[in-house]
Amino acid sequence: MSPVVKSTAFPIIKLKLPADLEGVKAGFLPEKLLKEIQPHGRLHWRAAESWEAMRQKALNDGVGFFKPTSSGDTYRSYESQEKGFRQRYQLEPIPNQSTRTFEGKKWYLKRGFAPMATPGGSNHNYGLAVDIHTASGDRLKWMQKNIVAFGWSWELSSEPWHIRLVTADEPTEAVKNYWASRG
Ligand SMILES: [Zn+2]
């Protein structure tokens with residue numbers, strides 16, 4: 001069955017979890033499932049292997065600064081997601097601000113902050129998501145042309161920087177070819 005694509009500008013494909021993440025609590029990945037990526041950050045090893053192949057293609061194509069915004073924009077532990085969430089949201093109501101439900105309470109986004117998923121509610125907590133540094137202009141055009149071939153897709157069309165690996169344990173041809181070429 002072909003994947004469900006909801007947006008042509010930013011294809012949104014349903015994410016499948018790698019088998020070794022079944023039963024793992026989001027934000028509590030064992031070290032053995034995590035792998036360092038270039039130039040900074042950590043991802044689930046499936047996402048890390050695909051990241052390396054995709055980044056090499058970007059370098060070959062002359063795309064500058066194709067990288068996560070920071071190491072905190074790759075895998076996030078539950079603890080770091082909670083820290084970020086508590087910086088951005090408050091319990092005291094703010095009119096017309098977006099809200100999230102966490103620990104059974106309604107939280108309000110502080111003015112001037114970007115929305116963030118609740119702790120454990122983000123694909124960053126599974127090590128499957130990356131926020132790309134300045135996803136706009138030529139870099140975004142390159143992403144629109146290339147990321148799906150490496151098994152990535154967007155999650156929300158309003159967040160062009162946030163991409164996640166959707167292919168679980170079935171690397172795409174482009175990823176397999178990259179690793180085969182490395183011997
Ligand atoms: Zn993100």
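Q: In the hairpin of S4 and S5, which residue takes a positive phi?
A: That is Glu103, with phi near 55° in a hairpin that has two residues between the strands. Please keep in mind that this is a predicted model. Glu103 is not a glycine, and its place is the loop between S4 and S5.

Q: How do you know that S4 and S5 pair?
A: At least two bridges are needed for two strands to count as paired. S4 (residues 99-102) and S5 (residues 105-109) have four bridges, so the pairing holds. Its sense is antiparallel, and Arg100 stands opposite Trp107 in S5.

Q: Over how many bridges do S3 and S5 pair?
A: S3 and S5 pair over two bridges, again in the antiparallel sense.

Q: What makes S3 and S4 the edge strands?
A: The open sheet has three strands in the order S3-S5-S4. S3 (89-90) and S4 each pair on one side only, and that makes them the edges.

Q: Why is the site of the zinc ion called irregular?
A: Let's begin with the donors: His124 (NE2), two OD atoms of Asp131 and His162 (ND1) coordinate the zinc ion at 2.0 to 2.8 Å. The angles among these four donor atoms run from 52 to 154°. For reference, the ideal angle for four tetrahedral donors is 109.5 degrees.

Q: Which parts of the chain does the pair of Asp131 and His162 tie together?
A: Asp131 is in strand S6 (residues 129-131) and His162 in strand S8 (residues 162-165), so the pair ties together parts that are 31 residues apart in sequence. The spacing of the donor residues reads H-x6-D-x30-H.

Q: Are Asp131 and His162 buried or exposed?
A: A residue counts as buried under 20% relative accessible area. Asp131 has 8%, so it is buried. His162 has 6%, so it is buried too.

Q: How many aromatic pairs does a search of the whole structure find?
A: The search finds ten aromatic pairs. Ring pairs also link Trp51, Phe66, Trp142 and Trp152 into a cluster.

Q: How do you know that the buried residues of helix H3 are on the same side?
A: The buried residues of H3 (residues 137-146) are Arg139, Leu140, Trp142, Met143 and Asn146. They cover an arc of only 155° around the axis, which puts them on the same side of H3. The face turned away from that side carries the exposed residues Asp138, Lys141 and Lys145.

Q: Why does Val24 count as buried, and why does Pro171 count as partly exposed?
A: Buried means under 20% relative accessible area, exposed over 50%, and partly exposed is what lies in between. Val24, in the segment before S1, has 18% and so counts as buried. Pro171, in the loop between S8 and helix H4 (173-181), has 28% and so counts as partly exposed.

Q: What is the phi of Thr134 near, and why does this residue count as partly exposed?
A: Phi of Thr134 is near 45°, a positive value in a residue other than glycine. Thr134 lies in the loop between S6 and H3. Its relative accessibility is 45%, so it counts as partly exposed.

Q: Which two residues does a cis peptide bond join, and what is omega?
A: The bond joins Gln38 and Pro39, with omega about -5°. Pro39 is in the loop between S1 and strand S2 (42-44).

How values were computed
Residues numbered from 1 in each chain as written. Predicted model: local features only at pLDDT ≥ 70, side-chain atom pairs only at ≥ 80, totals over all residues. Heavy atoms only, no water. Donors = N, O, S within 2.8 Å, 3.2 Å for Na, K, Ca; no water. Tetrahedral: all angles 85-135°; square planar, octahedral: opposite > 155°, others 65-115°. Buried < 20%, exposed > 50% of the residue type's maximum accessible area, 1.4 Å probe, protein only. Phe/Tyr/Trp six-rings, centres within 6.5 Å; stacked < 30°, edge-to-face > 60°. Arc of directions from axis to C-beta.
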